[in-house]
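Reader: Hi! Could you walk me through this one? I have some questions ready.
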Amino acid sequence: MYSYEYFLEEEEVATIVKKGKIVKKDTNEYFLPTSTTGQIVHHQGYSLSYNEKHEQAEWVAYELKKSHLSSINHKRPYFEVDKAVKTGAAHWRNYKKSGFDRGHLCPAGDRRYSKSAHDETFLTSNISPQEHKFNSGVWNRLEQKVRYWAGKYNGVFVVTGGVLKGSMKTIGDEEVAVPNQFYKVLIDNNTGKTKVIAFLMPHKDSKKPLYEFVVSVDEIEKLTGIDFCPQLEDKLENKLEASTNYKNWSF
DNA sequence: CTGTGCGTC
DNA sequence: GACGCACAG
């Protein structure tokens with residue numbers, strides 16, 4: 001049994017209750033992970049946990065609903081420093097001529113349903129330095145697969161970020177860290193039986209099929225110290241997080 | 001889709 | 001810095 005008393009309906013701002021305690025009330029706080037930094041910021045289209053030392057989010061979380069999928073083309077805006085980050089988000093100048101992309105964590109392609117939601121992804125709290133070949137290659141393939149699953153499974157919840165750990169190269173005056181790995185955790189709670197899948201990718205392009213990057217959520221939690229499904233009932237959480245089985249996800 | 005670079009104001 | 005357009009994987 002799920003521990004939720006409410007499931008979110010389209011456009012509904014519901015209150016999620018777990019064991020009688022209000023967890024969160026906005027849709028994009030659904031399945032919010034824990035923060036290792038204590039600095040969670042909520043935007044309209046996504047939430048994030050900011051790591052000041054490494055000048056980027058340790059995770060960005062959002063729900064990609066089927067209704068979000070859109071083919072509207074928006075003009076690409078300029079990146080802005082996220083003023084909601086109290087310790088000061090990185091300036092986009094750090095990325096200038098660094099040789100690295102400003103890689104979206106919540107992709108612009110996932111927020112095409114409105115101009116404001118699209119533009120909101122161009123905040124510096126929503127980007128990590130990524131090699132262009134990685135960003136436009138295997139990472140892009142994964143992002144497109146997420147959109148495919150959002151359509152197929154009537155929406156998925158997405159948590160994504162770089163692994164901010166170990167020895168990392170930095171860019172710019174603010175020393176924005178370049179992660180050596182990136183991860184994505186997907187939760188489908190809409191097709192009846194809750195299912196989870198996780199990906200961990202080295203920060204380099206690859207032509208391998210995406211399923212070769214599937215790992216257990218546990219593995220990413222051990223790497224990052226983040227708990228990705230604190231709202232799930234413990235028994236279900238343990239079972240789902242230990243699994244590397246991807247047979248329920250259509251590739 | 002994912003992005004950068006450059007000339008111009 | 002902001003804008004518009006060209007270009008690349």
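This is a predicted model: local features need pLDDT of at least 70, side-chain atom pairs count only at pLDDT 80 or more; totals for chains, interfaces and linings use all residues.

Reader: Which of the 16 residues around DNA strand B come nearest?

Author: Those are Arg-76, Arg-102, His-104, Gly-109 and Asn-135.

Reader: And which parts of DNA strand B do the atoms within 4 Å of the protein belong to?

Author: Sugar or phosphate accounts for 85% of those atoms, and the rest belong to bases.

Reader: OK, what about His-104, what lies 2.7 Å from a polar backbone atom there?

Author: That is a phosphate oxygen of DNA strand B. Arg-102 also has a backbone N or O atom by a phosphate oxygen of this DNA strand, at 3.2 Å. For Asn-135, a polar side-chain atom lies 2.6 Å from a sugar or linking oxygen of DNA strand B.

Reader: Which elements give two or more residues to that surface?

Author: Strand 6 (101-104), helix 2 (132-135) and helix 3 (138-152) do. Strand 6 gives the most, with four residues.

Reader: Switching to the inside: which residues have the most contacts within the largest nonpolar core?

Author: Val-60, Val-156, Leu-186, Phe-199 and Met-201, in a core of 42 residues. Several elements supply at least two residues each, among them strand 5 (56-64), strand 8 (156-162) and strand 12 (195-202). The largest share, six residues, comes from helix 3.

Reader: What does Val-60 touch, leaving out residues up to four places away in sequence?

Author: Its contacts include Leu-48, Leu-105, Cys-106, Val-158 and Val-159, and also Tyr-46, Ser-125 and Thr-160. There is also a second, separate core of 23 residues, which includes Val-163, Tyr-183, Val-185 and Val-217.

Reader: Nice. On to the sheet: what order do the seven strands have?

Author: The order is 3-4-5-8-11-12-13, in an open sheet with antiparallel pairing.

Reader: Why is one side of strand 3 and of strand 13 left without a neighbour in the sheet?

Author: Strand 3 (40-42) and strand 13 (214-215) stand at the edges and each has a single partner strand, so one side of each has no neighbour in the sheet.

Reader: Last one, how many bridges join strand 11 to strand 12?

Author: Eight, and the two strands run antiparallel. To find one of them, look at Gln-181, whose bridge partner in strand 12 is Pro-202.

Terms used: Residues are numbered from 1 along each chain as its sequence is written. Chains are lettered from A and ligands numbered from 1 in the order in which they are written. Side-chain values use heavy atoms; hydrogens and water are left out. A residue is near a molecule or strand if one of its heavy atoms lies within 4 Å of it. A polar contact is a pair of N or O atoms within 3.5 Å; within protein, one must be able to donate a hydrogen and the other to accept it, and residues adjacent in sequence count only if both atoms are side-chain atoms. A nonpolar core is a set of buried Ala, Val, Leu, Ile, Met, Phe, Trp, Tyr and Cys residues joined through side-chain atoms within 4.5 Å. Buried means under 20% relative accessible area, exposed over 50%, partly exposed in between (1.4 Å probe, protein chains only). Contact means heavy atoms within 4.5 Å. Two strands pair if DSSP finds at least two bridges between them.
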